[in-house]
Amino acid sequence: MMQSGDSSRETWGSKFGFVLAAAGSAIGLGNIWRFPYVVGENGGFAFLIAYLACVVVVGLPIMGAEIALGRASKRNPVGAFKALMPKSAWWIVGAIGILTGFIILSYYSVLAGWTLFYLKQSATGEILLPTIAGDIISAVTLVSQGIHIQFGQHMTGSLFTGFVSNSGLVVLFHLIFMLLCLLVVGQGVEKGIERYSKILMPTLLGLLVLLIFRSVTLPGSAEGLAFLFKPDFSKLTFEVILLAMGQAFYSLSLGMGVMITYGSYLDRNTDIFISAGWVAGLDASIAVMAGIAIFPALFSVGLAPSSGPGLTYIVLPAVFGELPFGSFLATLFFLLLTIAAVTSAISLLEVLVSFATDEWHWNRKRSTIIMAIVAFLLGIPSAMSFGAWGDKKLFGLNFFDFADFLSANVLLPVGGIMIALFVGWAWGAKKVKAEIKDGNEKLSLFSIWIWMVRIVAPIATLTILLTKWL
């Protein structure tokens, strides 16, 4: 099939590089902590089965559709719709993706800045100083790719409370994290994103294996593994299945333009179905491995997951404090979180950079700097949401929570639904089939896939959207 975009466009150096970069985008902070927690609280292995089914039924069809859009057009999310359906209003769907990318990157960088701070504290041994076992915890929901963190309102002297309420320090680490992303994306697709993904993703996997080895060798670790993997089908309600469906959708970086942008750098010989399968498989595998690393350690020191969804920044430091070589283990863990945050954030920044280079014809250096600055400035209100601007509200929510609610509960599902409808009906099965055929001559499972894109994925995503609102 003939390309719609510029043949001089940057491309991935290898299919492996694309898979690692795309998987890095999907594997974020939510995978490392939130996913195993939700698995344990909602039926263990039963929830895991439901999640994997939702990945196949909802996640993979939309991911394949987005990658196909990108490769066919060789453009950013806005340009993709303009190239494939000129003189139509479909480009607005791409614009929703750009807006979503800005919003998510702005507050995700703030949350990642927290992780950077904890990495610094753990490396110096300071993270183990606070005594937090007797803290009174009140919940404030913070969701980034599905993360829920409990904020200790009465935790006087707590490291977590002291940090997030120090707006100047939070903004500083927000800035440092954004500069890291700028340095990677500014070097381009192959020399920047792909090169660092090839370093960071294997490092992330290696750190997880080290943590797993230490965790499962602790006394009482078998209880943690049983908690994670013992199936409890009595908990597998309709609400839990919806939760699994939402986790599958959000954890795969769908609806925000990332897979369209990354797909635009693919060559014509890449099998889109197989690539999407690898990305989804790595995403789910890392999440499960994180659970294997975390829960045996929790149970070994007598703490249950019900200690609070805020275990990443509140409970886990106490766990490390009880273990031999606690500072070293804490450093490994927060380095792991930082790597996961970087690989996700650079994909969001790349969406914005691709848009500026395609639509406004800026060079990469200018695009990266300006887009990073805008995202940083947009994130300052979120950074100050638990400190200096804690009393400022939008529709009853602080800036951080409002940014999350708008992106996760409105923009992402709407974008996902519209992308599925565009590929399945507006662009049409014939053109999609011609695009998919490059790299997959046999067109295995295409008939099933296209009807999943046309019917199943939009209805499932609409169900998630309505459930959030009703």
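Predicted model: local features only at pLDDT ≥ 70, side-chain atom pairs only at ≥ 80, totals over all residues.
Helix 5 contributes Leu105, Ser106, Ser109, Val110, Ala112, Gly113, Trp114, Leu116 and Phe117. From helix 7 come Leu169, Val170, Phe173, His174, Ile176, Phe177, Met178 and Leu180. Coloured by class, the contact of helix 5 with helix 7 shows 13 nonpolar residues, four polar ones and no charged ones.

Stay on helix 7 and pick Leu179, which lies in this helix. Leu179 and Ile373 are 194 residues apart along the chain, yet their C-alpha atoms are separated by 9.2 Å.

Next, select helix 15, residues 364–383. Its 20 residues should span 28 Å at 1.5 Å a residue, and the end C-alpha atoms, 27 Å apart, agree with that. The buried residues of helix 15 are Arg364, Ser367, Thr368, Met371, Ala372, Ala375, Phe376, Gly379, Ile380, Pro381, Ser382 and Ala383. Which helices do these buried residues pack against? Display helix 5 (91–123), helix 7 (167–185), helix 8, helix 14 (326–359) and helix 16 (399–427), which are the partners.

On the helix 8 side, the contact is made by Leu204, Leu205, Leu208, Val209, Leu211, Ile212, Ser215 and Val216. On the helix 12 side, look for Ile286, Met289, Ala290, Ile292, Ala293, Pro296 and Ala297. The contact of helix 8 with helix 12 has 14 nonpolar residues, one polar residue and no charged residues.

Move on to helix 10 (238–251). Helix 10 has 14 residues and reaches 20 Å from its first C-alpha to its last, close to the expected 20 Å. How many of its residues are buried? The count is 10 of the 14, so helix 10 is largely enclosed by the rest of the structure. Select Val240, Leu242, Ala244, Met245, Gly246, Gln247, Ala248, Phe249, Tyr250 and Ser251 to show the buried residues.

Most residues other than glycine have a negative phi. Helix 10 is followed by Ser253, in the loop between helix 10 and helix 11 (258–263). Ser253 is not a glycine, but its phi is positive, about 60 degrees. With a relative accessible area of 1%, Ser253 is buried.

Finally, go to Lys74. Where is Lys74 found? Look in the loop between helix 3 (45–73) and helix 4 (77–84). Lys74 is also not a glycine, and has a positive phi of about 55 degrees. Buried means under 20% relative accessible area; Lys74 has 4%, so Lys74 is buried.

Note on methods. Residues numbered from 1 in each chain as written. Heavy atoms only, no water. Contact = heavy atoms within 4.5 Å. Helix = DSSP H or I, 4+ residues; strand = E, 2+ residues; numbered from the N terminus. Nonpolar A, V, L, I, M, F, W, Y, C, P; charged D, E, K, R; others polar. Expected span 1.5 Å × (residues − 1). Buried < 20%, exposed > 50% of the residue type's maximum accessible area, 1.4 Å probe, protein only.
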